[in-house]
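Open the model in your viewer and keep the sequence panel in view. The stops below are given in the order in which to select them.

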Amino acid sequence: MVAAHPSCSEPSLELIASAYHRLNLLAFSPVMSATIDDVQNKTFDYVICGGGTAGLTVAARLTENPNTSVLLLEAGDANIDDMALLLPAAYGSQFGKNQYSWPHQTTKQKSSNGQAYMWYRGRGLGGSSGINFYCWTKPAASEIDDIERLGNPGWNWKNLEKYIKRTERFTLPSEETQRTLNMNFNDWDLGTDGPLDIAYPASIDPAERKVQEAFLNAGIPLARRPMNGDPVGTCYAPITYDPKTHTRSYATTAFYLPNKDRPNLIVLPSSYVNRVLPSSQSSSDFIAEAVEFQHNGQLYIVRANKEIILSAGSLKTPQILELSGIGDPAILRPLNVPVKVDLPGVGTNVQEHYTLPISFEIRDDVPFETPDGLSDPEVFKKHLELRSTGTGAFTTGITGITFATLAQISPRADEIIKSVEEKITKNADKLSPALLEQYRISLDRLRTGAGCEFVSCAGMVSQPNPAEKGKRYLSFWVAMNHTFSRGTIHSVSDDPKVDPEFDPHYFEEEVDLQVSVEMVKFARNLKNISPLKEMIAREHNPGPEIQSDEQIAAHLKRYMSTTHRELCAQYRRYMSLIRRPDTTGSCSMLPRERGGVVDPQLKVYGTQNLRVVDLSVIPLIFAAHPQAVVYGISEQAADIIKGTFQP
């Protein structure tokens, strides 16, 4: 067993680096990205702003044609072969480190007792695919079909599934693992020839089967086709993991490194995009001609022959649009930004998942390997050495995923649904047609959709009670995925380096809090259900003093997330996950008259050749960790841009 350490149990980046140097395991390759000389005074067919999950995918697909030239600008560093990103189980150790993450922060939230929350996002090539928690899940088919239903022909599950499979290179777990965990893949259909490794970690503790059995005994069925549009139930989900090297598979390893030697692909890190510059040609539409960006303290402009593509993510893409003069005049004029395109939907319709971790102490006599002790340098070193044998903490991952309907987890489901239905009916004439349509879809999802997610994780990840020396823990994240509250992201300065105002309006709609409370109650009750009942010594967080719905709600608001300065390293990493990079809607793909920013071809309204390709275009948030969908969006977008997309 890995013994718990009296202090926080996170392996710091410094510890990771020093241990790898001592063990001579660091293997930085001589990969060299471009220099400013490769870019300056040159013109490219396409300029992509943002080298994260979407940007790298689109760049790789466009440059499959050797006659197409692409420049990709990434604000962060390349971080190639950096074990701080590649090492499994070093969850969240990148948060709060400027080399790897952007420390965005929300405004103080009125419905959360004035609390502000951290929104970390990936910084460097690969973006958030390089710092997420590896989870590979997919939404219900109906939830992707809802995108098409909202006015976007071709954006449906049939197409998205095809494009996600193009990215996937799935490897089945060993036969022994399949027998131990009673896995059945007969009805699963994943891609096997793509560039992104999707697999199971080499080490999965047999006790994970008991965790799954507890969900089954709680009335949650086994998910039969969770990777193919029917996620309802509990399953072991694969992760973005290279089973040969026991390292992270992400956009950099999948889409950049295999294509880095293409002469028609130029990737320039440390390049912070300021704005898109329009052509001086006389036209009723905005013609995107060039990108203004900062590199090593200098200002540069690079031109595009064909198109400019924004892939800066849901938090920064709307800011780039606004500083380019595309947005709501009421936002732009006070900043002295000339209005080029009146497009008030920019930065609106923002949606987020809500997540809270809870933890149980495991009985001392129960076999269960957990990472509660990796901050002890000797324990950490031992597990690094074990990694080369395909064992130990650094060959583990988060695989226990459960998606349930509200009715499956709460006796109050009918009451909550009825109250939402009555509120929508009462306020129908006050809501915009676009929001009313979205709310009606969300109400259907509340009735039958699997928006209640539970993620099991070995180890201590919650607050406020700290881990105790010598103890081991089992935790669950509860995630409310079908949120009703709508937020905004808007620029507050014409200085691109000044973050926009992130205001998610958390819990502004009471249903978001009510469902979250019911989910916490369900997760807490798992300790009373066999076989967890025989494994758990006690609940550690929230703790026995939290009992009433009002107390649970207050706990949710306090510990749903927190600023990293308040936390020790362990809590910083996990609480930051709570604001996992799931923000959608800030550049919604909707009809323009319904608040849309891009059309079904992902072109920004009022422009001829400016597109958005990232999670911001999703108009209605779905129940899944987002990275699979982002890869699928990007694959489909690449075909749209190339003119080869066939609905």
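## Stop 1: Arg 61

Select Arg 61 and show its surroundings: apart from neighbours within four places in sequence, Arg 61 is in contact (heavy atoms within 4.5 Å) with Arg 166, Pro 195, Phe 255, Glu 635, Ala 638 and Lys 642. Arg 61 sits in helix α2, residues 53-62; helices (H or I, at least four residues) and strands (E, at least two) are DSSP runs, numbered from the N terminus. Its relative accessible area is 12%, so Arg 61 is buried. Buried here means under 20% relative accessible area, exposed over 50%, and partly exposed in between, with a 1.4 Å probe and protein chains only.

Before moving on, note that this is a predicted model, in which local features need pLDDT of at least 70 and side-chain atom pairs count only at pLDDT 80 or more, while totals for chains, interfaces and linings use all residues. Residues are numbered from 1 along each chain as its sequence is written, and side-chain values use heavy atoms, with hydrogens and water left out.

## Stop 2: the annotated binding site

Select Val 273, Pro 626 and Gln 627, which an unreviewed UniProt entry annotates as "binding site". These three span 355 residues in sequence and their farthest two C-alpha atoms are 24.1 Å apart, so they do not all gather at one spot. UniProt positions are given in the numbering used here, feature names are shortened, and annotations may be inferred rather than shown by experiment.

Zoom to Val 273, in strand β11 (residues 271-278). Val 273 is buried, at a relative accessible area of 10%. Not counting residues up to four places away in sequence, Val 273 touches Cys 49, Leu 73, Val 291, Glu 292, Phe 293, Ile 320 and Pro 496.

Beyond four places in sequence, the contacts of Gln 627 include Ser 129, Tyr 134 and Trp 136. Which side chain does a polar contact of 3.2 Å join to that of Gln 627? The partner is Asn 132; a polar contact is a pair of N or O atoms within 3.5 Å, where within protein one must be able to donate a hydrogen and the other to accept it, and residues adjacent in sequence count only if both atoms are side-chain atoms.

## Stop 3

Select helix α4, residues 141-149, and pick out its buried residues: Ala 141, Glu 143, Ile 144, Asp 146 and Ile 147. Their cover includes α5 (157-167) and α14 (433-448). After α4 comes Gly 151, with a positive phi near 115°.

Pro 600 is in the loop between α17 (569-578) and β23 (610-612). With 14% relative accessibility, Pro 600 counts as buried.

## Stop 4: the annotated domain

Colour residues 122-145 and 313-327, listed by UniProt (unreviewed entry) as "domain: Glucose-methanol-choline oxidoreductase N-terminal". In residues 122-145, the end C-alpha atoms lie 29 Å apart and the span is 21% helix and 4% strand. For residues 313-327, the end C-alpha atoms lie 17 Å apart, with 47% helix and 13% strand.
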